[in-house]
Amino acid sequence: MAETDFIADSRAFFTHEAHGRRRPRLLARQSITARLRAFFAERGFIEVETPALQTSPGNEAHLHAFATHFLDGDLARRPLYLHTSPEFACKKLVAAGETHIVNFARVYRNRERSPLHHPEFTLVEWYRADEPYDTLMADCAAILRAAAEAAGTTRLRFRSAEADPFAEPQRLTVADAFRHYAGIDLLATIPEAPLAPPDRDALAAAAGAAGIRIVADDTWSDIFSHVLNQRIEPHLGHGRATVLDAYPAHEAALARRSPADPRLSERFELFVCGVELANGFGELTDPVEQRRRFMLEMDEKQRVYGERYPLDEALLALLPAMPPTSGIALGLDRLVMLATDARHIEEVLWAPLSIPQATA
């Protein structure tokens, strides 16, 4: 089945023949999910369930939510959103006293459908209170091994790329990746003063010299993303997984700054076969700083998309009660794809979304 067929009409998945072709991957998904639940239970995690309906779906500029309304007893319409992540609710539970929690959460993101994206998907999100975020990297390595064992494979694959799930992941800083794959000194474009804006023109010049197309209204963050997407991510996670570590603080709205370098944050992403699989943080617990960052994100969303989401005031009020915490979200569907050599996310979903075609 061609990649475009998945998006064109997902009803085709429910014929006996098509479902029979997908069923081995779906059974592997069941085995992987069961093994991950056992993985967390063995380590003392409590599995929690959090509501998909939230007053704020998340406050990252480029994530788009599905909006709805709650009709109160007097039929007043109160805006609500389907969450883009269970993060806010999970952090409230940590603030309430939970120390090791995991959530197998259905989450929803609008404007996302591609071989690696689906409007509704599953995140495995877990939190470790009073533990360094390096511990999450060890969790990721163990989870890759567990998923491969559950699927009965010794290789993770996406298209022509392969990785050994039993090999120790490579750990690479973002700055080193920019230098190695794009010839760009990223840190030279970031002032040492924590609140000073990064040097957009310096990064634009460096990216242009590296052959990256830049347009006049590209921000520093836009240029950062262009370089990352075009020159770096395709090289990550080949042969073995890559932990891309120490993101610039300007690209980590929910992470605390690195104690070693305030220009950087305690944020990493896990890549396997060029596919982003997980996003981990040393969690920011300063409510004043978190509000400032959320406002900057929403200002950018307003500038680019003409809309903004409300802030979760309850979360901001509870942040001071959170202990030092590390948290991470991992895409279960993508993990199953890699373990079963699927080319499209809808091959590993039991019931992909069917959207009627527009009529003239």
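## Cysteines

Cysteine 140 is buried at 1% relative accessibility, where buried means under 20% relative accessible area with a 1.4 Å probe and protein chains only. No disulfide, defined as a pair of cysteine sulfur atoms within 2.5 Å, is found in a search of the whole structure. For cysteine 140, the nearest cysteine sulfur is that of cysteine 273, 15 Å away. Cysteine 273 is also in no disulfide and is buried, at 5% relative accessible area.

## Basis

The model is predicted: local features need pLDDT of at least 70, side-chain atom pairs count only at pLDDT 80 or more, and totals for chains, interfaces and linings use all residues. Residues are numbered from 1 along each chain as its sequence is written, and side-chain values use heavy atoms, with hydrogens and water left out.

## Sheet

Eight strands form an open sheet of mixed pairing, in the order β1-β5-β6-β13-β12-β11-β10-β9. Strands are DSSP runs of E, at least two residues, and helices are runs of H or I, at least four, numbered from the N terminus; two strands pair if DSSP finds at least two bridges between them. The edge strands β1 (46-47) and β9 (170-173) each have a single partner, so one side of each lacks a neighbour in the sheet.

β6 (residues 120-129) pairs antiparallel with β13 (residues 325-331) over seven bridges. Tryptophan 126 has isoleucine 328 of β13 as its bridge partner.

## Helix α5

In α5 (residues 174-182), Val174, Ala175, Ala177, Phe178 and Ala182 are buried. These residues line one face of the helix, because they fall within an arc of 160 degrees seen down its axis, the arc being that of the directions from the helix axis to the C-beta atoms. Glycine 183 follows α5 and has a positive phi, near 65 degrees.

Conventions: Buried < 20%, exposed > 50% of the residue type's maximum accessible area, 1.4 Å probe, protein only.
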